[in-house]
Amino acid sequence: MADDSIVQRVAELRRELHYHNHRYYVMDDPVISDFDYDMLLQELRTIEEEHPELVTPDSPTHRIGGDPAEGFVQVEHRHTMLSLGNAFDDESLEAWYRRVRNLLDDADFSMTCELKIDGLAVSLVYEDGVFVQGATRGNGFVGENVTQNLRTIRSIPLVLQGDPPPYLEVRGEVYMPVESFRRLNEERAERGEQLFANPRNSGAGTIRQLDPKVTASRNMQIWAYSLGDAGDVPGLPDHWEALEWLKSLGFRINPNNRLCYTVEEVKDYYREFVERRHGLPYEVDGVVVKVNPFNYQSSLGVVGREPRWAVAYKFPAERAVT
Ligand SMILES: NC(=O)c1cnc(N)c2cc(Br)sc12
């Protein structure tokens, strides 16, 4: 049985490694060298090998879990994963805005503008601040349990910081950075293997294949973009504060998110990113505009599977490069 000093050292190493993991993979702002990080990880691995009774599933040494899965178990989402209505031009964006304003009896309201990431939507469930389940969107009601694959994504926290509630669901988009996609296809071409068509397909394929070691080898990333349900965290007044709170818990939140107060500001944001989109290290296919205050979101509600309080303003389709 390990004595107290070893138990203390293990807890200290885990805290330090989760912290440095957050700094490197979520904040992209490491404060330790790779060598020193590896030394800490190796020290924890050595202790865990000598004291297997100390191993816990959330240990930073256990991101790449067990053997390949036989298949994916289905999971039911506690809160339906909705889809977005689309707008393709300023007129349809303005029509959405007018409809919302009418339904809110001409109240003023702020909106969040967020880049629509061209990846794979996932649901992350945390119990007592520990990552316990990751699932694909599936049909919105039932998805696939891909927990073991998502655990290998370094920008998905295994243990939350701050003071999370006993149950928390977070939604995000996992994606393969463009540079990782290019490198992956280069390697596949050298091996004479079939190439992936685009980062979205290679990212989705990476999450939905059965071997966590393959996922771990492909530098997948995530942008977290909402709570599973605003009701899970009663104290938050609006979506913008929810994003700030998620960031404080250790989630990776897109730095280009912007709070807007008029539809003109939304259009400015959209036009800015029509120009900037191809300079980003990940693919985006539009802007998600959301009514910010949660009380307005709940009074607007959902039609079918689409929230009235959000719209995806899509970027113009581009000529496929043949
Ligand atoms: N920021 C966001 O809300 C966001 C970003 N990227 C996406 N592909 C999606 C999809 C839904 Br549904 S929301 C959302």
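Modeller: Before we start, contact here means heavy atoms within 4.5 Å.

Colleague: Fine. What kind of model is this, and how are residues numbered?

Modeller: This is a predicted model, where local features need pLDDT of at least 70, side-chain atom pairs count only at pLDDT 80 or more, and totals for chains, interfaces and linings use all residues. Residues are numbered from 1 along each chain as its sequence is written, and side-chain values use heavy atoms, with hydrogens and water left out.

Colleague: Histidine 79, then. Where does it lie?

Modeller: Histidine 79 is in the loop between strand 1 (74-76) and strand 2 (86-87). Helices (H or I, at least four residues) and strands (E, at least two) are DSSP runs, numbered from the N terminus.

Colleague: Is histidine 79 buried or exposed?

Modeller: Histidine 79 counts as buried, because its relative accessibility is 17%. Buried means under 20% relative accessible area, exposed over 50%, and partly exposed in between, with a 1.4 Å probe and protein chains only.

Colleague: And what is histidine 79 in contact with?

Modeller: Leaving aside neighbours within four places in sequence, histidine 79 is in contact with Glu169, Arg171, Gly228, Asp229 and Asp232.

Colleague: Which side chain makes a polar contact with that of histidine 79?

Modeller: The side chain of aspartate 232, at 3.3 Å. A polar contact is a pair of N or O atoms within 3.5 Å; within protein, one must be able to donate a hydrogen and the other to accept it, and residues adjacent in sequence count only if both atoms are side-chain atoms.

Colleague: Switching to threonine 215. Which helix is it in?

Modeller: Threonine 215 is in helix 7, residues 212-216. It is buried, with a relative accessible area of 2%.

Colleague: What does the side chain of threonine 215 reach?

Modeller: It reaches the backbone oxygen of threonine 206 at 3.3 Å. There is also a polar contact of 3.3 Å between the side chains of threonine 215 and asparagine 149. Not counting residues up to four places away in sequence, threonine 215 touches Asn149, Thr152, Thr206, Ile207, Gln209 and Met220.

Colleague: What about leucine 150, which residues does it touch?

Modeller: With residues up to four places away in sequence not counted, leucine 150 touches Val122, Leu124, Phe131, Gly134, Ala135, Ile156, Val174 and Ile207. Leucine 150 lies in helix 4 (residues 147-151) and is buried, at a relative accessible area of 0%.

Colleague: Tyrosine 269 next: buried or exposed?

Modeller: Buried, with a relative accessible area of 0%. Tyrosine 269 lies in helix 9, residues 263-276. Its contacts, apart from neighbours within four places in sequence, are Cys113, Glu114, Leu115, Asn256, Asn257, Arg258 and Val287.

Colleague: Now the whole chain. How many helices and strands?

Modeller: The protein chain has ten helices and 13 strands. Its radius of gyration is 21 Å, close to the 20 Å that the globule rule gives for 322 residues, so the chain is as compact as a globular protein of that length. That radius is taken over C-alpha atoms, and the rule is 2.2 Å times the number of residues to the power 0.38.

Colleague: How much of the chain counts as buried?

Modeller: Of the 322 residues, 49%.

Colleague: And what share of contacts comes from residues 24 or more positions apart?

Modeller: Such residues account for 75% of the contacts with a separation of 6 or more.

Colleague: Last one: what does the C-alpha trace span?

Modeller: About 65 × 50 × 40 Å along the principal axes.
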